[in-house]
Amino acid sequence: MLAELTHSCPLHCAYCSNPVELIARDRELNTGQWIRVMEDAAAIGVVHAHLSGGEPLLRPDLTAIVAAAARAGVYTQLVTSGAGLTRARLAELAAAGLHSVQLSVQDATAAASDRIAGGRWFAAKERAAALVREADLPLGLNVVLHRHNLDTVGEIIELAASWGAERVELANTQFYGWAMRNRDRLLPSRDQLRRAEETVHAWRERLAGRMELIWVVPDYFDGVAKPCMGGWGAISLTVSPDGRVLPCPGAYVLPGLDFPDVREHSLRWIWEESAAFNAYRGTEWMSGPCAGCARRDTDFGGCRCQAYALTGDARRTDPACSLSPDNHLIKAIATGDRPGDDAGPVANRRMPRARSGRGGEGG
Ligand code: SF4
Ligand code: SF4
């Protein structure tokens, strides 16, 4: 389960996959509601919760939510930018039962990292990594890759090793939310991707047994559709800051789906019975070419959000697949001209103003 505790975040990453219509703080679930989500989640078999956002450390009740998950037997991982993590806060979270921390890093140097984060946060990340190691919690780094940092992937891996990370997830940008808005400025070249992948392979051999390196393959370049979220409503669910439950964190944009709310329904009903979770579950909904394809139980026709974003119809085969009649759309984007680096700034993400006047840390 991905628990998006808040969309608020002091960083402004241009690749952020949060929806462009961010949920303001005065619409967030309260503590009691999140505690019930954790209990409900355990009851339907959730074993692992990513406590994410936005920046989950902005929730003053994070410790209570972690404790509720621990009581229910759910493993928790804090997914954080590191902004606001102190020794005392981490000790409190660890005592409540937090199992591991995944820290986002934007690039190998402070200048490059801060540019993409839209603020001076690199030093806070370095401090946060040191605190996690000091607390003896497992540390993973999460690095979103794009044209501005793919060429320094080797230096990023060296940085992760020097910070004591046990696992690094090198995730090529997925073009949803704010990343979609900035796609032209973030999309790498095929050559950049090839060089970066070779670098990662070389480092994987060098660091074997010491650090796990995950390479999340890029969209748009290999003609293959990914089994998004392991299949719609198959193994994963996302609870949004305002209590809506989605099969995938990008699904907000899909039309015609009324995503159910944890304040009105149990997670069990949402998972088993709701129309939204059954809309693209399994293979029954498919039409050609997926319906007759041998890979339909493996990749589930790819990503519904990508199909909708590029074709306007969420039921179509993901255009990333070379068998899709819309594959030319992806090819045109992947091979098209890129704006030069002097083409102006990316659109750093911004929070809306909260109706109550509180919050809005994201500016
Ligand atoms: S702005 Fe950056 S740190 Fe904040 S939620 Fe988005 S990607 Fe994560
Ligand atoms: S046609 Fe559909 S099921 Fe077949 S490989 Fe492409 S996306 Fe997957």
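1. The buried residues of helix α9 pack against β5 (139-145), α6 (153-162) and β7 (212-216). Here helices (H or I, at least four residues) and strands (E, at least two) are DSSP runs, numbered from the N terminus. Packing rests on contacts, that is, C-beta atoms, placed from the backbone, within 7 Å of each other. A residue is buried if 20 or more other C-beta atoms lie within 10 Å of its own, exposed if 12 or fewer, and partly exposed in between, again with C-beta atoms placed from the backbone.

2. Residues are numbered from 1 along each chain as its sequence is written, while chains are lettered from A and ligands numbered from 1 in the order in which they are written. The model is predicted, so local features need pLDDT of at least 70 and side-chain atom pairs count only at pLDDT 80 or more, whereas totals for chains, interfaces and linings use all residues.

3. The buried residues of α9 are L193, A196 and W203. They cover an arc of only 90 degrees around the axis, and therefore sit on the same side of α9; the arc is that of the directions from the helix axis to the C-beta atoms. On the face turned away from this buried side are the exposed residues D191, E198, H201, A202 and E205. With 17 residues (190-206), α9 should span 24 Å at 1.5 Å a residue, and its end C-alpha atoms, 25 Å apart, agree with that. The expected span is 1.5 Å times one less than the number of residues.

4. In α6, V153, I156, I157, L159 and A160 are buried. Viewed down the helix axis they fall within an arc of 155 degrees, so they line one face of α6. Their cover includes β5, β6 (167-172), α9 and β7. Just after α6, G164 takes a positive phi of about 85 degrees.

5. The UniProt record, an unreviewed entry, places "domain: Radical SAM core" at residues 1-210. UniProt positions are given in the numbering used here, feature names are shortened, and annotations may be inferred rather than shown by experiment. Over residues 1-210 the chain is 43% helix and 15% strand, with the end C-alpha atoms 28 Å apart.

6. Around ligand 1 are C9, L11, H12, C13, C16, N18, G53, G54, E55, S81, S104 and R349, a residue being near a molecule if its C-beta atom, placed from the backbone, lies within 6 Å of it. This shell has 4 nonpolar, 6 polar and 2 charged residues. Ala, Val, Leu, Ile, Met, Phe, Trp, Tyr, Cys and Pro count as nonpolar, Asp, Glu, Lys and Arg as charged, and the others, Gly among them, as polar. Ligand 2 has 13 residues around it, of which A225, C290, C293, R295 and C321 come nearest; its shell divides into 6 nonpolar, 3 polar and 4 charged.

7. Most residues other than glycine have a negative phi, and most peptide bonds are trans. A cis bond joins G53 and G54, with omega about 10 degrees; G54 lies in the loop between β2 (48-52) and α2 (62-72). Another cis bond joins G288 and P289, with omega about 0 degrees; P289 is in the loop between α11 (275-278) and α12 (296-299).

8. D136, not a glycine, has a positive phi of about 65 degrees. D136 is in the loop between α5 (122-134) and β5, and counts as exposed because it has 8 C-beta neighbours inside 10 Å. F300 also has a positive phi, near 55 degrees, in the loop between α12 and α13 (304-311), but F300 counts as buried, with 26 such neighbours inside 10 Å.

How values were computed:
Two residues are in contact if their C-beta atoms, placed from the backbone, lie within 7 Å.
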